[in-house]
Amino acid sequence: MSNVAAEKIFLAGIVRHPDKLFEFVEYLGEEDFQHSATRMTFEALRSLIIDKEAQKITKAKLVAEAKALGHHNYLSATRNGEWIDELIAEEVNVGEVDNHFLEVKRQSLKDQYVQAFLEQRDYLSTTSDPLSVMIGKVENAIISKVNIIDKGEHAIEDIREGFEEFINTLADDPGHMGLDLGYPLWQECIGQLRNGSMTFLVGTTGSGKSQFGMRSAITAARKGLPVLYLDSELSKQDQWVRIAAMIARIPSQYIETGFWRMSDKELIENNVTDPKIREEIIAHGRKLKEPRLWEAVQKMPIFYQSISGLSVPDVLPHIRRWLLTHVKPDRETRVPQCLIVYDYIKLAMTNEISRGILQEWQQNGLHIAALHDFINKYNVPLLGFCQTNNELTSGIKAVAGGKRISENVDSVSYLKRKTDAERADDGNGTHKMENFKSRFGKGLWGSYINYNADLSCGFFEELEIGHVTPPQQDSNDDDDDE
């Protein structure tokens, strides 16, 4: 059973819309294509688009890639290339790609059902198994085909199977609970930035949460992990300045002005009259001129994308494309494979709310739930940032969309600059980190973590845990109560 026409139209649609392949590649293999030409073409397209990130597909690229994959008969299988010309000339819209994917998978599933029935016929004609065993084998062979589309992710499984082996593997390869970003107290509090988890950090404007995010990205990238930085506020150029300031540990303002490359005389000519400031700028300039700075950046696999104006559902396809091209995630490993920094997660967009179908809180819940399911599916860690409510300053209600967020993320922490009163009560550090939720960690109930932060260069130093001082009762009140 096959539908070669459907296979050809689907592939023609991928040629015209290469990004669509990212939606289907997990559910399709060369075994799903019944004709030699379509099978080899699919392999070539998958290699070009997924592995080599080709944005435009041509006949020459297809032929060269097929031959590179070992299909030296590709031209003869495609009628000396005439079939490829027809493929590239085919007009296919996006909706047709979806429909023909389903038809290709439908035919493939039919073939596998038939094969399963044939295999069971042979088994049933010779078996001496008891009735219960026979029923189980036949049902397993047939029903397992139902899970082809979702790769078995939602199949009912016997929890006893593999239990002992898995627990033992934890001891065989110890210590891989999460990604170390250099904040041991916070990481223990939240239960580590582990694969498949969403770690949320909130703060008011100017608290330093975005710099905390980029500092985390740099730390992960310097360990060799690919990082995707999704930015809803700044530009790539702004982030370049921050990265240089963080690595060289110098104030970003001196980088932005361009003064760092000037001599003392040139600084005076540009109205920098204070000799101490000129001395600082020249010292900072020496750090920026150091070749090791540029070498360090070249070794950091940080990928940047502006997501200004995009809601979570708009961003997910971009994350999927990056994961499948640059990470190729292992869904079983405990070892962190990458880091996704989402700065910051804007919840329901105005145009979505104005449609009136869902309330804002409902839309927020759907968005965060979709992001959680996505991260869990691909088994990668996400560090997400969000704003606080203006009118509330403590507890989970301080988080914009707090209830819906807390239901779908693994931890929620609150980074804030200490007020004068808080510094008078605990002068250790400029900032504090509270924790409102922790699914895997021990949390920070009634306490917080102190940080020294220099936001001029995005530096955060974790100090020790501080404890909230309970309010003292008035002695007169005690007498009255008695």
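Student: Which helix gives the largest share of the lining of the second largest pocket?
Tutor: This is a predicted model: local features need pLDDT of at least 70, side-chain atom pairs pLDDT 80 or more, and totals for chains, interfaces and linings use all residues. Numbering runs from 1 along each chain as its sequence is written, and side-chain values use heavy atoms, without hydrogens and water. Helices (DSSP H or I, at least four residues) and strands (E, at least two) are numbered from the N terminus, and the largest share, six residues, is from H12.

Student: Which strand supplies at least two residues of this pocket lining?
Tutor: The lining divides into 15 nonpolar residues, two polar and one charged (Ala, Val, Leu, Ile, Met, Phe, Trp, Tyr, Cys and Pro are nonpolar, Asp, Glu, Lys and Arg charged, the others, with Gly, polar). Helix H12 (236-248) and helix H16 (291-298) each supply at least two lining residues, and so does strand S3 (302-306).

Student: Which are the edge strands of the sheet?
Tutor: Nine strands make an open sheet of mixed pairing, in the order S3-S2-S4-S5-S1-S6-S7-S8-S9; strands pair if DSSP finds at least two bridges. The twist from one strand to the next averages 20°. Pairing on one side only marks the edge strands, S3 and S9 (459-467).

Student: Which residue of S5 stands opposite Phe200?
Tutor: Strand S1 (residues 198-202) and strand S5 (residues 382-386) are joined by five bridges in the parallel sense. Within S5, the residue opposite Phe200 is Gly384.

Student: Which residue in the turn between S8 and S9 has a positive phi?
Tutor: Strand S8 (residues 447-454) runs antiparallel to S9, with seven bridges between them, and Ser447 stands opposite His467 in S9. The two strands form a hairpin with four residues between them. The positive phi, about 65°, belongs to Gly458.

Student: At what angle does H17 run to S4?
Tutor: Helix H17 (residues 312-327) lies across S2, S3 and S4. Angles run from 0 to 180 degrees between N-to-C directions of axes fitted to C-alpha atoms, for helices over the stretch in contact (heavy atoms within 4.5 Å). For H17 and S4, the angle is about 155°.

Student: Why is H3 called roughly perpendicular to H4?
Tutor: Helix H3 (residues 36-51) packs on helix H4 (residues 59-68) with the axes 9 Å apart, at about 100°. Thr41, Ala44, Leu45, Ser47 and Leu48 of H3 meet Lys61, Leu62, Glu65 and Ala66 of H4, a contact of five nonpolar, two polar and two charged residues. The pair counts as roughly perpendicular because the class covers 65 to 115 degrees and the angle is about 100°.

Student: Which residue does a cis peptide bond join to Asp343?
Tutor: Omega of this bond is about -10°. The bond joins Asp343 to Tyr344.

Definitions and conventions
Parallel < 35°, antiparallel > 145°, perpendicular 65-115°, else oblique.
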